[in-house]
Amino acid sequence: MGQLDRQLGDRLVKHYNRGLTEHGDTAQGALWPNEIDRRTRFGVMLDVIETSPATSIVLCDLGCGTGSLLSYIRERGLENITYIGVDYSAAALKLARAKFPGVTFIEMNIADPDADWDRISCDYLVCNGVFTGKMDISHKEMWLLLENTIKNAWYQVRRGLAFNVMSKVVDWERDDLLHVPMDDSVRLLHGLAGRNVRVRADYGLYEYTSYAFKLPSDCVEATAPASDFVPVLRPLLPSCDRLLPYLRRIDRARVYTNHGPLLAELEMRLSARFNLPVESVVCASSGTTALVGAILATAGRATAERPLALVPAFTFAATALAAEQCGYRPYLVDIDEATWALDPDKLALHPMLDQAGVVIPVAPFGRTIAQSGWMNFRNRTGVPVAIDAAASFDGLTQEPQSFVGTIPISLSFHATKSFSAGCGGAVVSSDCDLVARAGQALNFGFFHGRESESFGTNGKLSEYHAAVGLAELDGWHEKSAAMRTVINEYRAYLGEAGLAHRLVGAPEISVGYVLFRCVDADEAMRVRAGLQQHGVDHRLWYSHGLQHHSYFSQLKRDDLSITEAVAPCLIGLPMAPDLSTGQIAQVAAALCASVRMP
Ligand SMILES: *Cc1c(COP(=O)(O)O)cnc(C)c1O
């Protein structure tokens, strides 16, 4: 792409200003042949808006002139459009501002290579009549301006944009107009929006309008769930506005991964939150890789003498898969009825212990696991332990003193967890050498240089995910408070029905989960059917236990009768920081209707 010439803007504006002087604030003054065709174009341009008229959007009119599109919008009564006008003609903007006090009009030369496009932030952008005329400017120069303008605009719009040019499919072309082959326009937009491109030439003029969208056109509305269906989980991560300051830091530093400055800051702020020195936390690319790092750092890979990893059957698949990645064969152990976790005292007497290279207790639903029991276990048996505490971010912030010790714990920052970086995780331990070894394992086994000194993988957290993590920390106070409010509302609604004691939620477990405890499998079946009938989504977060996954069904295991009894009875209910009172009431009503009342 060639370099833009900012004087091009001056030449164009001089031309438009002449029209305005001669014909005043009319269609002809804006160099359109007549008013009727101009209104047709306005309608075609507004077709870029795919959201329903009830949705509030910001529309940028690039090349707004005197703001006639806004008059048209107001005539049509489109009240939910916030309009921003952009033009380089001071004379036109003066008229526009006089007509529409309080509306934002920005003076900008789109031909200026240093133009500050960041001033424009909008859902949709239309560019009407900017690239239909070319006066005596060469086609090549005008196309360059068009290409640059549309690309710059694309980065500012959230949903889509539209522009018009003259068609090549005409009886004759005019030298002072810009006739562009449709292929050229579509190729340009395809480079930006993939296949989410549309062209219209059905409105009776010698031009066509091209549209590009950031989502497949039918997805814009589909992202909002049907009003009466309550999804079990609708993660809410920091908005792009909150991310932007961090993303700008990435742009400036040009470090995108490998222990960049944002990751360093995230590890520092996390350790401060856990009340630990910074060397106690190393981030990972996921909760699963964090667990791999923790296992490798504390136990190393499996050996022929100790090929087994003792794993609870009541957990998410990742626990056993992480053990396999470190060379272990998972051996499934049953949980304790009260804690839903492995019992260290019982496990110390386990017959398979002399073949176990590692034990991986799981903190179920983020419920705290005290270090003391497992430290005793390790001292008594000599078998290393790594705790899968994937969902325990909030537990860790609440009671780091009992949760953290020399036994490493791994966290997940997946979008489904209460605290999220989109995807990510961390290894936490008071043993800083162990944390350093976990970091080494997650960086190809490199320690001092680029020499692999131990087994490893690439499990590092990128700067982009660190940016999300930092923005999430900024908003964590509000997010966790909102989720606690949801849980309290659940308690209030179920309390009225005498069912509050069946609810399991924060602070007992992570704020990210709300569980309904059924008395037996029969009731659980009835409740799940009832929820479904009432349009309430739900989930058995740890399914029926690992032994029921086809891939794990061949694993050696103990008698798993507690897992078999507990797993189907703990029903995950809808949870989101913005779950509405109406939705909570809907869930509560569904529960009350399906539970056998005493
Ligand atoms: C979420 C979760 C994981 C996996 O974390 P990812 O970040 O998705 O890799 C592992 N174990 C448990 C118990 C989990 O809940």
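**Close-up views of a predicted model**

**View 1. The crossing of helices H10 and H11 is right-handed.** The model shown here and in the other views is predicted. Two packed helices are described by the angle between their axes and the distance between the axes. For H10 and H11, the axes come within 9 Å and cross at roughly 45°. Because of this angle, H10 counts as oblique to H11.

**View 2. Helices H10 and H11 both contribute to the lining of the second largest pocket.** Helix H10 spans 287-299 and helix H11 spans 317-325.

View 3. Sorted by class, the lining has 13 nonpolar residues, 12 polar residues and 3 charged residues.

**View 4. Domain 2 and domain 3 both take part in lining the second largest pocket.** At least three lining residues come from domain 2 (240-474), and at least three come from domain 3 (477-596).

**View 5. The protein chain is divided into domain 1, domain 2 and domain 3.** Domain 1 covers 7-223, domain 2 covers 240-474 and domain 3 covers 477-596. Between the C-alpha centres of domain 1 and domain 2 there is a separation of 52 Å.

Definitions and conventions:
Residues numbered from 1 in each chain as written. Predicted model: local features only at pLDDT ≥ 70, side-chain atom pairs only at ≥ 80, totals over all residues. Heavy atoms only, no water. Helix = DSSP H or I, 4+ residues; strand = E, 2+ residues; numbered from the N terminus. Nonpolar A, V, L, I, M, F, W, Y, C, P; charged D, E, K, R; others polar. Domains from an automatic or database assignment. Axes fitted to C-alpha atoms, helices over the stretch in contact; angles between N-to-C directions. Parallel < 35°, antiparallel > 145°, perpendicular 65-115°, else oblique. Left-handed = near helix turned anticlockwise from the far one by under 90°.
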